[in-house]
Amino acid sequence: MVGGKRTGLGDFILLIIVYNKVKMEVSMYPRLEIDKNKIKNNLNVLTTFLNKEGIKMTSVIKGCASMNQVAELYVACGSDSLGSSRMSHLKRIKSFLDIETMLLRIPMLSEIEDVVKYADISLNSEFQTIQALNQACKEQKTSHDIILMMDLGDLREGYFDVDEMIEVAKEVERMNHINLKGIGANLSCYGSIRPTCDNMTQLVEVAEMIESELNRKLDIISGGATSTIPLIFEGCLPSRINHLRIGESVLLGRELGEFYECDLPLETDSFVIKAELVELKEKPSYPIGEMLYDAFGNKPEYIDYGIQKRGILAIGKQDIGSHEKLIPKDDRILVVGSSSDHLIVALDDTDYILGDVIEFELYYQPMLFAVLSSDVYKVFKG
Ligand SMILES: *Cc1c(COP(=O)(O)O)cnc(C)c1O
């Protein structure tokens, strides 16, 4: 049909298939709707903001399983570096995009060959692993950049002992195939420790100690993730921090405004979950009988609100992680609880009927689960 060709039976059948596919996609639930324009907006806002501060950004896309459409969008919008914690993501990205890749999780000894092949930079904290990277580079006749990680108190990855870190930096400098690109730190992950002027200054001090030992400047001092951005607002991020690895605030944009009160024009509903009502009844809100464990072996607290209008949605923990991280768009709705495949909501003062679809905005965890759930349909807009 395209280009004025004759229409035939083949084209007609194709039209029917496309029509049915569109019809099916419109009516299939649960679904995750992803608004590319909103992600694009967030990427532009943050890139402009950070560039003005002289900070380069690696766009982290692990939060949406590094979906091809999102990776493509980032590159089309001018990202020059994509990061993920998983080698499988970077390998897939390298198969169809020409872009610098950064491996965020400390490499496994069992994946070293792939790291050298598909990641341009990796974050590291074990000398033995760096030696293995060097060896793999030699075999593959290539080179690899690393960032040495320092633990500033969050107690996930990184050198805790500064002297050890400096010694490793000196050893790496002597390696033939590994380029020490810089140092970095990660916060707000395990220990919930926030980036501050103090811990960021500590990172810069160690970078400068390494620089004086190596007799050269480091290219990168990587001051963390989304949670470091508030320090820029407060005007106390040391100027030598010149790189951040940003995930959540581009994909969702929720944390900066909500947890840190940073006023950037970010869209917070680029990902929306829609699920269908499969039961609707008046029920007591407090369980009846002898209480033991829920479906996941926990003992939740229940509050007695008396009789409520209750709905069950066909979506569950398998698809969203935790129901507590969903935000109903209709603020009359209360999320009450969930099991693997069911989500229970209170619908007092609403007029929903069976088969209606309820929409939720979300935090990071449901995004992570929903993109990976094969039972959640993904639909891109924009
Ligand atoms: C996930 C991750 C990031 C990105 O964090 P956001 O909070 O999503 O911005 C940065 N660095 C490392 C090491 C990570 O694992």
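**Domains, interface and core**

Author: Begin with the division of the chain: domain 1 (36-259) and domain 2 (271-381). The model is predicted. The C-alpha centres of domain 1 and domain 2 are 36 Å apart. Their contact involves 16 residues from domain 1 and 13 residues from domain 2.

Reader: What area is buried between domain 1 and domain 2?

Author: The size of an interface is often quoted as the accessible area lost when the parts come together. Here about 1300 Å² is buried between domain 1 and domain 2, with carbon and sulfur atoms giving 71% of that area.

Reader: How many salt bridges and polar contacts cross the interface of domain 1 and domain 2?

Author: The rule finds one salt bridge across the interface, and four residue pairs in polar contact, both residues at pLDDT 80 or more. On the side of domain 1 that touches domain 2, two or more residues come from each of helix 2 (36-52), helix 3 (68-76), helix 10 (248-251) and helix 11 (255-260). Helix 2 gives the most to that side, three residues.

Reader: Which residues touch the most other members of the largest nonpolar core?

Author: In soluble globular proteins, nonpolar side chains tend to be buried together. The largest nonpolar core has 92 residues, and L148, I210 and F271 touch the most other members. Helix 8 (residues 197-214) supplies the largest share of this core, seven residues. Both domain 1 (36-259) and domain 2 (271-381) contribute at least three residues to this core. Another core, of nine residues, lies apart from it and includes M102 and L123.

Reader: What does F271 touch beyond four places away in sequence?

Author: Its contacts include L32, I39, C64, L251, F360 and M367. E361, also touched by F271, forms a salt bridge with R254, with the closest N and O atoms 2.5 Å apart.

Notes:
Residues are numbered from 1 along each chain as its sequence is written. This is a predicted model: local features need pLDDT of at least 70, side-chain atom pairs count only at pLDDT 80 or more; totals for chains, interfaces and linings use all residues. Side-chain values use heavy atoms; hydrogens and water are left out. A nonpolar core is a set of buried Ala, Val, Leu, Ile, Met, Phe, Trp, Tyr and Cys residues joined through side-chain atoms within 4.5 Å. Buried means under 20% relative accessible area, exposed over 50%, partly exposed in between (1.4 Å probe, protein chains only). Helices (H or I, at least four residues) and strands (E, at least two) are DSSP runs, numbered from the N terminus. Domain bounds come from an automatic or database domain assignment. Contact means heavy atoms within 4.5 Å. Buried area is the accessible area (1.4 Å probe) that two parts lose on being put together, summed over both. A salt bridge is a side-chain nitrogen of Lys or Arg within 4 Å of a carboxyl oxygen of Asp or Glu. A polar contact is a pair of N or O atoms within 3.5 Å; within protein, one must be able to donate a hydrogen and the other to accept it, and residues adjacent in sequence count only if both atoms are side-chain atoms.
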